[in-house]
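Trainee: I have a fold on the screen and I'd like to learn how to read it. Can we go through it together?

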Amino acid sequence: MQRYYFMVRFLPQEANLALLMGRCISVMHGYICKHEIKGLGVTFPAWSDASIGNVIAFVNSDKTVLSELKQQSYFQDMKECGFFSLGNVEMVPDNCAEVRLCFLNRLN
């Protein structure tokens, strides 16, 4: 199955990266709930042992889903203020390594 992605790069040098990542994920979650989207993933391409990195990317098999997510007001407002750079929606390269983490919520 072909997948697509777009990246959000945080531009300020002295940014609270965890806060910005959390807000981006919150926007994604709201979009998922409002539109009942399935299979929308998130990745951290600049993650290292030292930092979560200054880039977050969103992945889905539907290019339109990502285009609509990218148009959410938070992303557009932060871009207009010069805090974010938004990449184009592109195909995930075939040679891209993939790691999946699954979290289960169990109620006792």
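Predicted model: local features only at pLDDT ≥ 70, side-chain atom pairs only at ≥ 80, totals over all residues.

Trainee: Is Val 55 buried or exposed?

Mentor: Buried means under 20% relative accessible area, exposed over 50%, and partly exposed in between (1.4 Å probe, protein chains only). Val 55 has a relative accessible area of 4%, so it is buried.

Trainee: Which residues does Val 55 touch?

Mentor: A contact means heavy atoms within 4.5 Å. Not counting residues up to four places away in sequence, Val 55 touches Met 7, Val 8, Arg 9, Phe 10, Met 21, Thr 43, Phe 44, Pro 45 and Ala 46. Take Phe 44: Val 55 and Phe 44 are 11 residues apart in sequence and 6.2 Å apart in space, C-alpha to C-alpha.

Trainee: How far apart in space are Ala 50 and Ser 61?

Mentor: Those two are also 11 residues apart in sequence, but their C-alpha atoms lie 31 Å apart. Ala 50 belongs to the loop between β2 (41-43) and β3. With a relative accessible area of 76%, Ala 50 is exposed.

Trainee: How many helices and strands are there in the protein?

Mentor: Helices (H or I, at least four residues) and strands (E, at least two) are DSSP runs, numbered from the N terminus. Here you get 3 helices and 5 strands, in the order β-α-β-β-α-α-β-β from the N terminus on.

Trainee: What does the radius of gyration say about the protein?

Mentor: It is taken over C-alpha atoms, and the globule rule is 2.2 Å times the number of residues to the power 0.38. For 108 residues a compact globule would come out near 13 Å, and the protein's 14 Å agrees. As for burial, 31% of the 108 residues count as buried. Of the contacts between residues at least 6 apart in sequence, 64% join residues at least 24 apart.

Trainee: Which residues touch the most other members of the largest nonpolar core?

Mentor: In soluble globular proteins, nonpolar side chains tend to be buried together. A nonpolar core is a set of buried Ala, Val, Leu, Ile, Met, Phe, Trp, Tyr and Cys residues joined through side-chain atoms within 4.5 Å. The largest one has 24 residues, and Val 8, Phe 10, Phe 58, Phe 75 and Phe 84 touch the most other members. Elements giving two or more residues to this core are β1 (4-10), α1 (17-35), β3 (55-60), α2 (63-70), α3 (73-80) and β4 (84-86). The top contributor is α1, with 7 residues.

Trainee: Which residues of α3 are buried?

Mentor: Tyr 74, Phe 75, Gln 76 and Met 78. The buried residues of α3 pack against β1, α1, β3, α2 and β4. Look at Gln 76: its relative accessible area is 17%, so it counts as buried. Leaving out residues up to four places away in sequence, Gln 76 touches Lys 70, Gln 71 and Leu 86.

Trainee: What follows α3?

Mentor: Gly 82, with a positive phi near 85 degrees.

Notes. Residues numbered from 1 in each chain as written. Heavy atoms only, no water.
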